[in-house]
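Try each task before you read its solution.

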Amino acid sequence: MNKVFKNAEEATFDIKDNMTLMLGGFGLCGIPENCISALVKMEVTGLICISNNAGVDDFGLGLLLKKRQIKKMISSYVGENAEFERQMLSGELEVDLIPQGSLAERCRAGGAGIPAFFTPAGYGTEVATGKEVREFNGKPHILESALTADFAIVKAWKGDKFGNLIYKGTARNFNPPMAMAGKITIAEVEELVAPGVLDPNYIHTPGIFIQRIFQGDNYEKRIEQRTVRPQRNVE
Amino acid sequence: MLNKEGIAKRIAQELQDGWYVNLGIGIPTLVANYVPSGINVEFQSENGILGMGPFPFDGEEDADMINAGKQTVTLLPGATIFDSATSFAMIRGQHVQLTVLGAMEVSDTGDIANWKIPGKMVKGMGGAMDLVASAENIIVAMMHTNKAGESKLLKSCTLPLTGVKCVKKVITNLAAIEITPDGFKLLERAPGVSVKEIIEATDGRLLVDENIPEMIL
């Protein structure tokens with residue numbers, strides 16, 4: 001089976017209105033920039049997007065929000081996006097906010113064939129509303145269900161034609177658990193390398209989880225909060 | 001009275017050698033600047049770092065190396081990177097010994113609210129609910145009162161909760177306070193702050209012994 005696609009437009013060709021998508025990334029770090037641009041161009045709407053954050057007003061998922069292509073967001077933190085907050089408070093956008101660890105584990109569980117699990121996170125809060133509570137070791141836990149998606153879209157540093165992936169730095173974040181949970185998982189990589197180049201000992205996501213892969217271009221990799229120390233003294 | 005740096009400095013006194021520590025956004029982040037000498041701790045950032053270092057030098061920042069506050073950071077020798085599911089396995093599995101985070105309200109039973117003001121502000125809970133539900137040792141860093149001068153140390157929280165009966169200590173600009181089965185217990189006064197001022201600024205039950213020492217920073 002050929003997994004290699006030419007570009008984002010080709011790899012996302014059959015993403016349709018009202019589908020559920022998982023998108024990797026934490027803030028703007030490790031987001032599938034090329035696929036997001038392709039989705040904006042395709043003008044698909046009614047999307048349910050599962051992503052830890054919602055981008056900023058003019059980058060990342062913020063681009064899809066601005067064009068009203070997203071019907072519902074499932075996220076843990078959305079504080080960086082004013083347009084998001086506006087659409088949510090006005091009721092235009094459906095939002096399901098869930099604890100970050102539960103979000104990550106629900107994706108992992110979805111990919112690992114575990115339909116639900118108990119976690120202490122959110123017990124006694126509005127997150128627990130309507131969920132089964134059970135005590136383990138004297139501590140209350142709530143039942144959280146697994147998440148899957150029509151498409152999971154992840155971004156990696158390097159990949160090969162088998163779909164084996166290596167991420168760079170903290171751009172790993174939600175990408176590995178989400179890569180496991182897509183009915184179809186699309187990986188965009190900065191560098192598509194020949195088979196055998198990646199050391200099998202250092203693969204983060206084994207290719208079995210990846211159905212499509214392409215080398216993206218023009219990664220902007222925008223920094224959200226640039227924080228630095230003064231320049232090193234040169235002797 | 002303490003400023004933000006002072007609060008961070010006081011919290012840093014709680015650190016113990018060998019601990020893995022998760023610092024939240026805001027004042028908690030500053031705690032990393034005041035680790036006592038002779039104490040080695042490793043900072044965990046829930047987006048996937050153990051062994052987080054200081055901000056990079058100007059010109060050396062890397063878009064692929066950020067902390068949970070989306071700030072550019074560096075790694076210390078021996079650091080590791082991992083995915084979000086693994087990160088929260090560390091947190092939920094109680095492998096992280098101390099969590100320091102900010103709050104909008106804390107109750108005298110140890111409940112915390114810090115993620116939502118209905119109808120006004122909804123940023124989301126991020127990793128806070130997972131952190132407070134699992135960490136054995138949770139310290140809140142915050143101002144004693146809000147901008148309107150109202151106490152943030154309450155009998156019960158009015159805002160949507162982040163976690164129940166979980167906070168162990170609160171360090172504010174006015175005091176160091178412990179949560180006990182009988183409510184808040186005043187441990188120390190901030191420099192120059194009287195017991196009376198602390199009592200007046202605290203809405204929840206507050207236990208006050210006869211001699212309350214002033215913090216030594």
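**Exercise 1. Confidence**

What pLDDT does chain B average, and what share of the residues score at least 70?

*Solution.* Keep in mind that this is a predicted model. Chain B averages a pLDDT of 96, and 100% of the residues score at least 70. For the model as a whole, ipTM is 0.96 and pTM is 0.96.

**Exercise 2. Strand β2 of chain A**

Take strand β2(A), residues 47–50, and work out which side chains point which way and which strands pair with β2(A).

*Solution.* Start with the side chains. In a regular strand they alternate between the two faces of the sheet. Here Leu47(A) and Cys49(A) point one way, while Ile48(A) and Ile50(A) point the other way. Buried or exposed? All of these residues are buried, and for that the relative accessible area has to be under 20%.

Next, look for the partners. Strand β1(A), residues 20–23, pairs with β2(A) in the parallel sense over three bridges. In that pairing, Met22(A) sits opposite Ile50(A). Strand β3(A), residues 70–75, also pairs with β2(A) in the parallel sense, over four bridges. There, Cys49(A) has Met73(A) as its bridge partner.

Last, follow the chain from β1(A) to β2(A). With helix α2(A), residues 33–42, these two strands make a right-handed β-α-β unit.

**Exercise 3. Strand β1 of chain B**

Now do the pairing for β1(B), residues 20–23: which strands join it, and in what sense?

*Solution.* One partner is β2(B), residues 42–45, which pairs with β1(B) in the parallel sense over three bridges. Within that pair, Val21(B) stands opposite Phe43(B). Another partner is β5(B), residues 98–101, which runs parallel to β1(B) and is joined to it by three bridges. Check Leu23(B) here: its bridge partner in β5(B) is Val100(B).

**Exercise 4. The interface**

Describe the contact between chain A and chain B: how many residues take part, and how much area is buried?

*Solution.* Count residues to begin with: chain B brings 50 and chain A brings 52. The area buried between the chains is about 4,300 Å², and carbon and sulfur atoms give 57% of that. On the chain B side, Phe57(B), Asp64(B) and Lys70(B) supply 18% of the area that chain B buries against chain A, more than any other three residues.

Now turn to charges. Side chains of opposite charge can pair when their charged atoms come close. Between chain B and chain A there are six salt bridges. One of them pairs Lys168(A) with Asp64(B), with the closest N and O atoms 3.3 Å apart.

Another pair to look up is Asp58(B) with Arg226(A), whose side chains meet at 2.7 Å, N to O. Asp58(B) lies in the loop between β3 and β4 of chain B and Arg226(A) in the segment after β11 of chain A, so this pair joins two chains. Both ends are partly exposed: Asp58(B) has a relative accessible area of 32%, and Arg226(A) is at 46%.

Which residues make up the salt-bridge network? Shared partners join Lys155(A), Lys168(A), Glu190(A), Lys221(A), Asp62(B) and Asp64(B) into one network.

**Exercise 5. Salt bridges inside chain A**

Over all chains there are 30 salt bridges. Pick Glu144(A)–Lys131(A) and Lys221(A)–Glu190(A), and say which parts of chain A each pair ties together.

*Solution.* Glu144(A) and Lys131(A) come first, with their closest N and O atoms 3.3 Å apart. Glu144(A) is in strand β7(A) and Lys131(A) in the loop between β5 and β6 of chain A, so the pair ties together parts that are 13 residues apart in sequence. Glu144(A) is buried at a relative accessible area of 1%, whereas Lys131(A) is partly exposed at 26%.

For Lys221(A) and Glu190(A), the closest N and O atoms are 2.9 Å apart. Lys221(A) lies in the segment after β11(A) and Glu190(A) in strand β10(A), so parts 31 residues apart in sequence are tied together. Lys221(A) is partly exposed at 22%, and Glu190(A) is partly exposed at 24%.

**Exercise 6. Arg134 of chain A**

*Solution.* Phe118(A) is 16 residues away along the chain, and its C-alpha atom is 7.9 Å from that of Arg134(A).

Notes. Residues numbered from 1 in each chain as written. Chains lettered and ligands numbered in written order. Predicted model: local features only at pLDDT ≥ 70, side-chain atom pairs only at ≥ 80, totals over all residues. Heavy atoms only, no water. pLDDT = per-residue confidence, 0-100. Buried < 20%, exposed > 50% of the residue type's maximum accessible area, 1.4 Å probe, protein only. Pairing = 2+ DSSP bridges. Right-handed = clockwise from strand over helix to strand, strands pointing away. Contact = heavy atoms within 4.5 Å. Buried area = accessible area lost by both parts, 1.4 Å probe. Salt bridge = Lys/Arg side-chain N within 4 Å of Asp/Glu carboxyl O.
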